[in-house]
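Here is a short briefing for a reader meeting this structure for the first time. Keep the sequence and the model in view while reading.

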Amino acid sequence: MDNIDKVWDKLLKITNNLENMEAKIINIGTVETGMWTLLKCKYGCSNYGKSLGCPPYTPTADEMEKVLRCYDVGILLRTKDDMGTINKVVVDLEYFALDIEFF
C-alpha cells in the first residue's frame with residue numbers, strides 16, 4: 001500500500017464521526033497561490049489575525065508556493081466545523097505520516 005493510501009485510510013478512521021468534513025487527494029501541481037488569498041482573509045474573515053494558522057502569521061504566497069513544490073500529492077480538507085476540530089485532524093494526520101516516514 002502506498003503511503004498516501006495509508007494516510008487516506010487513517011484520515012477516514014479519524015473523520016468517521018465528523019459529518020461536516022470533506023476530503024480529497026489532490027495533485028499539488030493543480031494548486032495555485034496568490035496575493036488574493038491573503039486579501040480574502042484580511043477583508044472577508046472576522047478571525048483575521050486571531051490564530052497562528054491564519055494571516056498575517058501564515059506564509060506569504062511566494063513562501064507557500066515554494067513549500068507546495070516540495071510535494072507531489074496532498075489531501076485537501078474542507079469542513080464546517082470549528083478550527084479546533086480541523087487542527088486536531090491535521091495534527092493527528094501529520095504525526096501518523098511521520099510515524100510511517102512519509103514526509
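In this predicted model, helix α1 and helix α4 touch through a defined set of residues. From α1 come Lys6, Val7, Lys10, Leu11 and Ile14. They meet Val89, Asp92, Leu93, Phe96 and Ala97 of α4. Seven of the residues in this contact are nonpolar, three are charged and none is polar.

**How the two helices cross**
- Helix α1 covers residues 3-14, and helix α4 covers residues 83-99.
- Their axes come within 10 Å.
- The crossing angle is roughly 145°.
- The crossing of α1 past α4 is right-handed.

**The largest pocket**
- The volume of the largest pocket is about 2,100 Å³.
- Its lining is made up of 46 residues.
- Met64, Leu68, Ile75, Leu76 and Val90 are the lining residues nearest the pocket centre.
- Two or more lining residues come from each of α1, α2 (35-44), α3 (61-68), β2 (73-79) and α4.
- Helix α4 gives the largest share of the lining, with nine residues.
- By type, the lining holds 32 nonpolar, 11 polar and three charged residues.

**Overall layout**
- The protein contains four helices and two strands.
- Read from the N terminus, the order of elements is α-β-α-α-β-α.
- The C-alpha trace spans about 40 × 30 × 20 Å along its principal axes.

**A cis peptide bond**
- Most peptide bonds are trans.
- The bond from proline 55 to proline 56 is cis.
- Its omega lies near 10°.
- Proline 56 sits in the loop between α2 and α3.

**Confidence**
- Mean pLDDT for the protein is 85.
- A pLDDT of 70 or more is reached by 94% of the residues.
- Helix α3 has the highest confidence, at a mean of 93.
- Confidence is lowest in α1, where the mean is 81.

**Where to look again**

Methods: Residues are numbered from 1 along each chain as its sequence is written. This is a predicted model: local features need pLDDT of at least 70, side-chain atom pairs count only at pLDDT 80 or more; totals for chains, interfaces and linings use all residues. Side-chain values use heavy atoms; hydrogens and water are left out. Axes are lines fitted to C-alpha atoms, for helices over the stretch in contact, and angles run from 0 to 180 degrees between N-to-C directions. A crossing is left-handed if the near helix is turned anticlockwise from the far one by less than a right angle, and right-handed if clockwise. Contact means heavy atoms within 4.5 Å. Ala, Val, Leu, Ile, Met, Phe, Trp, Tyr, Cys and Pro count as nonpolar, Asp, Glu, Lys and Arg as charged, and the others, Gly among them, as polar. On a 1 Å grid over the protein atoms alone, a cavity is a set of points where a 1.4 Å probe fits but cannot get out, and a pocket is an open set with protein on both sides within 12 Å along at least five of seven lines; lining residues have an atom within 4 Å of a point. Grid points are joined across faces, edges and corners, and a volume is the space filled by probe spheres set on the points. pLDDT is the predictor's confidence in each residue, from 0 to 100.
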